[in-house]
Amino acid sequence: MASRVRVGIAGTGAYLPDRVVPNSYFEEFLDTSDEWIVQRTGIHQRRFAAPDQATSDLSVHAAEQALEAAGIGAEDLDLIVLGTLTPDYLLPSTACLVQKKLGATNAGAFDVNAACTGFLTALHTAEAFIAAGRARRVLAIGAETLSRFIDEKERGSCILFGDGAGAAVLAPHDECGQGEILRTKLGADGSGYEFIHMSAGGSKRPATHETVEAGEHFIRLKGREVYRFAVKYMSSLIEEMMETHDPEELSLVVPHQVNERIIQAALERLGMSDEKVLINIHKYANTSAATVPIALDEARREGRIEKDKLVVLVAFGAGLTWGASLLRW
Ligand code: UT7
């Protein structure tokens, strides 16, 4: 059997749409307050895409930055894997639209739907293709236009989400010399499928006037149940990624930006200090599949990752799904 190719992250990129939506926007038509939202979630504002922007458009901006950081062109890509729960269309995949817009003429392209675990699922898929020698340069994207799927009448969920995209170019570690993926993990438990759910618009319940009128195409969630699941998995996945390493080796944890209180509760369980974690939920809210690559790009550009030290990426979400990666930078 051929030996496994070591895989690294050659470059990252992120894109946030221009429109900043502060918490006060929701105060105008909902029984809510900036104080409640900040206290319960840590969110101060989020970005919403312009009417003419969809998930593929956000993705292309992030991908162009990642390609530039990696020092390669779109035509050098062998594959594009895009994680999203808010595709431009049900058919075809958003990855194909990105392939066209980038001019990635030599790349295959497909989407993965693992909700907030979407980027980690794309990353793991990309890594597996390169490790097996089936591709050399792969673009992994996490991107969402969640503003199109929130019910602005539901104060328990609509305040949580924002739009954005993040991307990473993966390549053989011999070639890029950074961000080596040492370990990965994906998991799922479909018995929790109703915890975060869009109940109509698919084959089980096709869109009709009635489903649209009832807002069944919007995201519904059971916040308390997700809260408990998220604290448990965030702490146990970080522990698992680090189990054979000295805690001193850890430079940064880049978690899914689900809720600042959930992140803090997980840190407390682990006895880990705030400086070891990147939190940017106050600026962008929860952008689902995009939170981890946006935060990773921010960490890289702001020099938050120490050379030769470890980075843990961790996410969980609808499905239920969860995933984590251990990288050496
Ligand atoms: O990435 C995966 C998707 N994300 C999630 O699934 C979110 C995970 N869950 C959470 O982040 C939290 O559970 C929430 C932020 C959604 C809610 O926070 P909580 O501390 O769990 O509040 P709660 O749901 O227990 O609600 C407490 C109260 C309720 O009122 P009563 O029943 O005590 O009178 C809610 O109706 O807060 C009320 N409430 C609000 N009040 C003002 C819920 N949303 C709001 C709001 N403004 N926006």
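## Alanine 214

Is alanine 214 buried, partly exposed or exposed? With a relative accessible area of 47%, alanine 214 counts as partly exposed, because that class covers values between 20% and 50%. Please keep in mind as you look around that this is a predicted model.

You will find alanine 214 in the loop that runs between helix H8 (209–213) and strand S10 (220–221).

## The chain as a whole

Let us step back to the overall picture. The chain holds twelve helices and 13 strands. Its radius of gyration is 19 Å, close to the 20 Å that the globule rule gives for 329 residues, so the chain is as compact as a globular protein of that length. Along the principal axes, the C-alpha trace spans about 55 × 45 × 35 Å. Of the 329 residues, 55% are buried. Contacts also reach across the sequence: among those between residues at least 6 apart, 77% join residues at least 24 apart.

Now for the surface and the charges. The accessible surface comes to about 14200 Å², and carbon and sulfur atoms account for 49% of it. The chain carries 33 positive and 45 negative side chains. The centres of these two sets lie 3 Å apart.

## Helix H10 and its buried side

Helix H10 covers residues 260–270, and its buried residues are Ile262, Ile263, Ala266 and Leu267. They cover an arc of only 135° around the axis, which puts them on the same side of H10. The spacing makes sense if you recall a general rule: an α-helix has 3.6 residues a turn, so residues three or four places apart point the same way.

What do the buried residues of H10 pack against? Their partners are helix H9 (223–242) and strand S11 (250–255).

Helix H12 (residues 291–301) is mostly covered, with nine of its eleven residues buried. The buried set is Thr291, Val292, Pro293, Ile294, Ala295, Leu296, Asp297, Glu298 and Ala299. Notice that the list includes the acidic residues Asp297 and Glu298.

In the loop between helix H11 (281–284) and H12 sits serine 288, whose phi is near 50°, a positive value in a residue other than glycine. Serine 288 has a relative accessibility of 1%, so it counts as buried. Just after H12, glycine 303 takes a positive phi of about 65°. Aspartate 308, in the loop between H12 and S12, has a phi near 70°, again a positive value in a residue other than glycine.

Proline 92 belongs to the loop between strand S4 (79–83) and helix H4 (94–102).

Another cis bond runs from glycine 319 to leucine 320, with omega near -5°. Here leucine 320 lies in the loop between strand S12 (310–317) and strand S13 (321–328).

Notes. Residues are numbered from 1 along each chain as its sequence is written. This is a predicted model: local features need pLDDT of at least 70, side-chain atom pairs count only at pLDDT 80 or more; totals for chains, interfaces and linings use all residues. Side-chain values use heavy atoms; hydrogens and water are left out. Helices (H or I, at least four residues) and strands (E, at least two) are DSSP runs, numbered from the N terminus. The radius of gyration is taken over C-alpha atoms; the globule rule is 2.2 Å times the number of residues to the power 0.38. Buried means under 20% relative accessible area, exposed over 50%, partly exposed in between (1.4 Å probe, protein chains only). Contact means heavy atoms within 4.5 Å. Accessible areas come from the Shrake-Rupley method with a 1.4 Å probe; for residues, only the protein chains shown count as cover. Lys and Arg count as positive and Asp and Glu as negative; His and the chain ends are not counted. The place of a charge is taken as NZ of Lys, CZ of Arg, CG of Asp or CD of Glu. The arc is that of the directions from the helix axis to the C-beta atoms.
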